[in-house]
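I opened this notebook to record, step by step, what I looked up in one structure. I begin with the words I need and then go from the whole to single residues.

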Amino acid sequence: MLPAHRTLSILDPTSLLGREVTDGIARAFPNVQRRLFHTGADPEHLIVEVSGEAVLVAPLSAPDELQGSVAVILTATPAPQVSTGLLAWLRANPSVALLDCTQPGIAGEEAMCVLDAIPAARRGLPWYHLVDPALAAAARWFKALLPLAPEAFHATLLCPASGFGAEAIDELASQGTARLSGGAPRRPVHLPAVLAFDLALAADERSTALEAQFAELFPAIERGFHVIDTGVFHGTLATVLLRCARDVPLERARALLRATPGLRLGRRNENVTATGAAEQDHVICGRLRVHGPCVTAWLLADGLRVGGAGAVVELLSSLTAS
């Protein structure tokens, strides 16, 4: 449990991910001191609702305002000059942890990629970069099956608009309205393509970035990913394939997944959808099959909850224990 006297500084809690993270921290650590800042150009205070109450969010005028923090939690990519100043301040205050929830992150290889726990062996400064929410469910499923001695992992990830922020959700809604009215949607600004009632293959750089994150978490595993952007507001769907060194008993795989907190097996004839997974704190695993040494399944999760708010809470608990 995080001690009440510790202070957490959350940057940009008014962002889509920021609201999820701030609410998650408030629920998990109600007595811990929280300071909320925004990094936008607006010098005025903003307001965010936390646990049903309106809370002021001050502008971050200078990194020195973070003094006294045990951890700084970054939930939206700040302007380059803000990132530069923040990293310089963190270097000058090496006991302060950075939990970077943004993609691709502001600290590059200086920050360790993490899933749900702080690694026992720390490298350099206590800077941690959360795995992309699109990959969070698949990585947790893979981690649960590590006792099966996997050799290779492949996944197809169908990603929602929410991964690109609140503005992307509004943009998707506008695209849908335009297409339903027979008009041409505007050129996308926040989304990578016009996605209303459609799918689009993500740029190769996205797949490469996710493979690099997975490789940092599980370096000895052969891997491959396909990433597809969808016209869905919330909820990530993944189809996954795991190849092991020897044949896998189905009941052994089921038992490992049942024993994993935050992951549940889909019920027989359960009709689950990406929207149904939204605002849930667990990963749903369905159609679990074994074919000799291979295990296949589909996964549904709200990446911003499982890989964002949920992961931050787990990491903060782990950070205190480390």
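Before placing any residue, I noted that helices (H or I, at least four residues) and strands (E, at least two) are DSSP runs, numbered from the N terminus. With that in hand I looked up Gln213, and I found its place in helix H5. I also wrote down at once that I am working with a predicted model.

**Entry: the whole protein**

I then asked what radius of gyration a compact globule with 322 residues would have. The rule puts it near 20 Å, and the protein has 20 Å, which agrees. Along the principal axes, the C-alpha atoms fill a box of roughly 60 × 55 × 35 Å. Buried residues make up 49% of the 322 residues, and the protein exposes about 15,200 Å², of which carbon and sulfur atoms supply 54%. Looking at contacts with a separation of 6 or more, I noted that residues 24 or more positions apart account for 68% of them.

I started with strand E1 (residues 7-11), which pairs with strand E2 (residues 33-38) in the parallel sense over five bridges. As an example of a bridge I picked Ile10, whose partner in E2 is Leu36. I then followed E2 to strand E4 (residues 53-59), to which E2 runs parallel and is joined by two bridges. Here I looked up His38, and its bridge partner in E4 is Pro59.

**Entry: the open sheet**

In which order do the seven strands of the open sheet come? I read the order as E10-E11-E9-E12-E15-E14-E13, with mixed pairing. Strand E10 (199-201) and strand E13 (263-265) are the edge strands, each pairing on one side only. From one strand to the next, the twist averages 25°.

Within this sheet I checked strand E9 (residues 150-159) and strand E12 (residues 236-244), which pair in the antiparallel sense over eight bridges. Ala155 stands opposite Val240 in E12.

Next I looked for helices that lie across these strands. Helix H3 (residues 133-144) lies across several of them, including E9, E12 and E13, and runs at about 150° to E9. Helix H5 (residues 204-217) lies across E9 and E11, running at about 135° to E11.

Leaving aside neighbours within four places in sequence, Gln213 is in contact with Gln103, Cys113, His129, Val131, Asp132 and Leu135.

I then turned to Asp247, which lies in the loop between E12 and helix H6 (250-258). Its relative accessible area is 58%, and exposed means over 50%, so Asp247 goes down as exposed. With neighbours within four places in sequence left aside, Asp247 is in contact with Gly292 and Pro293. Lastly I looked up the separation of the C-alpha atoms of Asp247 and Leu148, which are 99 residues apart along the chain, and it is 9.2 Å.

Key: Residues are numbered from 1 along each chain as its sequence is written. This is a predicted model: local features need pLDDT of at least 70, side-chain atom pairs count only at pLDDT 80 or more; totals for chains, interfaces and linings use all residues. Side-chain values use heavy atoms; hydrogens and water are left out. Two strands pair if DSSP finds at least two bridges between them. Axes are lines fitted to C-alpha atoms, for helices over the stretch in contact, and angles run from 0 to 180 degrees between N-to-C directions. Contact means heavy atoms within 4.5 Å. The radius of gyration is taken over C-alpha atoms; the globule rule is 2.2 Å times the number of residues to the power 0.38. Buried means under 20% relative accessible area, exposed over 50%, partly exposed in between (1.4 Å probe, protein chains only). Accessible areas come from the Shrake-Rupley method with a 1.4 Å probe; for residues, only the protein chains shown count as cover.
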